[in-house]
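User: I would like to learn how to read a model of this kind, feature by feature. Please take the structure below and start with its core.

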Number of protein chains: 2
Amino acid sequence: MAVITPKPVSGFPELLPEQQLVFNRCLGIIRSNFELFGFTPIETPSVERKDILSSKGGEEKEIFALSRLFVEANESPDTDVALHFDLTVPLARYVAQHKDKLTFPFRRYQIQKVWRGERPQKGRYREFYQCDIDVIGRNSLGLINDAEMPAVIYRIFREMQIGAFVIRINNRRLLQGFYGDLGIAEDKVAGVLRVVDKIEKIGPDKVQLDLVNRLSVAEAAAKAIVDFANTHAPTDELLTQLRNAPSMRNATFAQGVSELSEVVAGVRSLGVPDDFFKVDLTIARGLGYYTGTVYETRLIAHPELGSICSGGRYDDLASYFTTDKLPGVGISIGFSRLMFTLIENGVLPVSAATPAKVLVTVLDPSQTQHYLRIAAELRDRAIPTEIYLEKGRLGDQLKYASRKGFRLAVIAGESEFANHQVKLKDLASGTESVCGRDALIDEVSSRLKS
Amino acid sequence: MAVITPKPVSGFPELLPEQQLVFNRCLGIIRSNFELFGFTPIETPSVERKDILSSKGGEEKEIFALSRLFVEANESPDTDVALHFDLTVPLARYVAQHKDKLTFPFRRYQIQKVWRGERPQKGRYREFYQCDIDVIGRNSLGLINDAEMPAVIYRIFREMQIGAFVIRINNRRLLQGFYGDLGIAEDKVAGVLRVVDKIEKIGPDKVQLDLVNRLSVAEAAAKAIVDFANTHAPTDELLTQLRNAPSMRNATFAQGVSELSEVVAGVRSLGVPDDFFKVDLTIARGLGYYTGTVYETRLIAHPELGSICSGGRYDDLASYFTTDKLPGVGISIGFSRLMFTLIENGVLPVSAATPAKVLVTVLDPSQTQHYLRIAAELRDRAIPTEIYLEKGRLGDQLKYASRKGFRLAVIAGESEFANHQVKLKDLASGTESVCGRDALIDEVSSRLKS
């Protein structure tokens, strides 16, 4: 029989066990912190109807459609569904579909894979995880919800120990008001925001040029826009500058400043230290549907990652699917790319290749039932335990234990059984000790806690 | 703008939040028990190359291929990948591809969605979760690994509290040997096993008829096969009967009986009570690649579900992808169908629509920062907490709390703040008590533990 040699599929990454354990541990941290803030999990199917996905910017997103690989001669392989490319369209569809069975404000989290039907390219993922939270109101949603987003981001990345990071906060109204005050027409504001959003990527000079050349903004106004975006100062100082700015005569600007101040106060009350967030007037978020607070998050040591967690406030989640007004605020973590980078760079060290802590070795196969009982007792105490069930000398079994990264090995042979004793080997230090068979489970439990 | 009305897509189910919480709790139980036994998580991409998926029985499985929905005029939408239809083919591919980086025996679990490209039909899922464990050896794998499977199944379903269940265990060698001893040719045995496997579905008489008419088994042999499959007795009695059976002169039968006895002993040593497993000679598992121990699991109160967890021992996992011999043993839980049935039937009761336990109400908006600090303190103690951030009278806030299923509401207004006190309302009993602001976090923590 011919053997098919398996090889990786471009854009569909997978991890080795020791990496997967790190990946899953971090995913668990995200999940538990989302729940700590009262976000409830939902999971939508991997597919949506094609007309749902195409409702809003679908074409840009490169969608994977599903077709049936094997069909009868008279059947079409086509289906009416395709894989979702983000979790926002599915959320909008879910809320619109189930709105009468949901309680609002609806606080949901969603941790799922999404797919992008791109051409295979090095470094581009065609399948990856997104971790999203959103709070959705019916008709209205209190501003202070916007302060919860940085608080949950802060707790997650602190617990994940991924190094220094800064959550950057801005308010689109403030920018809109500023542009309005400069005399920029309302129908141009969205375009200006999109250009300003690239300031970190392409630099202030190029932004100024683009504003003048491509959007016909006046020289002076373009310079003012770039200077404004580049205003950096400690949070309270910056807020004071904004409150004293001439643009305060513009009502939209004034509202933006007021909202930003209130959100900053809330972020502090929710326990986020000043080192971990800043007001950053460069943040505009290109997406059209943000209307108020916007967020981006940078890892200080990995600027090349861009924003690892972004989001903002929007006026209406699901205008494509319902006439109900559903304002909301949310963030999204681009999890896979973040994890692959942090694992590759050793920021998140990879250690054990097993979730088990204890290996019960088998010295005397005639005592197999006894070894099994030891494992069962350890598992009864919620201690993850593996039994070495293959033929092998003790030395080989201990090598296996070290290679996989167990903490402790339980060793018992004829003499130990005769004396109702067991040996415990600490695999990191190499030290061995003897304890009574009856005391074994307590001993292992306390060793693992220390 | 025209609104697209969302509706469910046949075969792609989704849950409401209160159901999703039950679903996720049970998934967590499976995950933690898999890890308790030292199975390590892996996750393969949702897709495999088409030639990989088609290597073995792919056509029967109805595969969903991916194509790009929007392509340039000169591009083909086709891709070389399709969604996996189970987790066994991906495991075989993964182990063959990474075998030099894995430590054997390789104990892995995999909890992922799988897809079946069927025609839309009522009651048939085109997307669902499977939860698989396998132990894979390189060249050999100790028999006693087979005893671990019922032990992990037992712990999972006991903890999930899904009612009485029985894990049924058999051994294919024993059946093969029995058939051989009856004079059935070796090349017919697989066919006989497939027919016998249907005994519960179609009844013993129909099996006997099929054996005679479709497989040309002699009348007497067909009767003996059905009688044998129908032998029921308590475990030890049945094992004794087998050990005394005339077929023991057949070496394959004798090996099967010996293996079965050893597995039963191991299952008991691993703590599975006799009420939860039985030797059942009807279990054959239709799949060709099982060679020794086989398992099925039935919920007593829901026989219509068929087997909710099945698996067995096989000689070679990945013969399509490598010339290395990789024997293994594994089981698979068909999770989605099980959960949807149990939730629908109220076996798993649905309660809260939030993972949070505490709602901090807002009586006095001028004290918002104080409410936020209370929530932050509760969260610091790992107590999942939501803050009611909308405008609303206390009565409405408490109604919201009851509807979503919080345990406790924190209530504080002008007089409480003046006295450094807080009210705590137990939402199930409706009782209210007052405690000092400084004692609040401890009080909530101890209330939630009780």
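Analyst: In soluble globular proteins, nonpolar side chains tend to be buried together. Here the largest nonpolar core has 257 residues, and those with the most contacts inside it are A:Ala82, A:Val95, B:Ala82 and B:Val95. A nonpolar core is a set of buried Ala, Val, Leu, Ile, Met, Phe, Trp, Tyr and Cys residues joined through C-beta atoms within 7 Å. A residue is buried if 20 or more other C-beta atoms lie within 10 Å of its own, exposed if 12 or fewer, and partly exposed in between, with C-beta atoms placed from the backbone. This is a predicted model, in which local features need pLDDT of at least 70 and side-chain atom pairs count only at pLDDT 80 or more, while totals for chains, interfaces and linings use all residues. Residues are numbered from 1 along each chain as its sequence is written, and chains are lettered from A and ligands numbered from 1 in the order in which they are written.

User: Leaving aside neighbours within four places in sequence, which residues is B:Ala82 in contact with?

Analyst: Two residues are in contact if their C-beta atoms, placed from the backbone, lie within 7 Å. On that basis the partners of B:Ala82 include B:Val47, B:Leu53, B:Ile63, B:Phe64 and B:Leu66, and also A:Leu69 from chain A.

User: How many residues does each chain bring to the contact?

Analyst: Chain A gives 86 residues and chain B gives 85 residues. On the side of chain A that touches chain B, 39 are nonpolar, 25 polar and 22 charged. In this sorting Ala, Val, Leu, Ile, Met, Phe, Trp, Tyr, Cys and Pro count as nonpolar, Asp, Glu, Lys and Arg as charged, and the others, Gly among them, as polar.

User: Which strands pair between chain A and chain B?

Analyst: Strands of a sheet pair through backbone hydrogen bonds, either parallel or antiparallel. Strand S3 (residues 64–68) of chain A and strand S3 (residues 64–68) of chain B are antiparallel, with five bridges. Within this pair, A:Arg68 stands opposite B:Phe64. Strands (E, at least two residues) and helices (H or I, at least four) are DSSP runs numbered from the N terminus, and two strands pair if DSSP finds at least two bridges between them.

User: What is the strand order in the open sheet of eight strands in chain A?

Analyst: The order is S1-S5-S6-S11-S10-S9-S7-S8, with mixed pairing. Strands S1 (40–41) and S8 (277–279) are the edges, each pairing on one side only. Seven bridges join S6 (residues 127–136) of chain A to S11 (residues 328–334) of chain A in the antiparallel sense, and A:Ile136 faces A:Gly328 there.

User: Is strand S10 of chain B mostly covered or uncovered?

Analyst: S10(B), residues 309–314, is mostly covered, with six of its six residues buried. One side carries B:Cys309, B:Gly311 and B:Arg313, the other B:Ser310, B:Gly312 and B:Tyr314.
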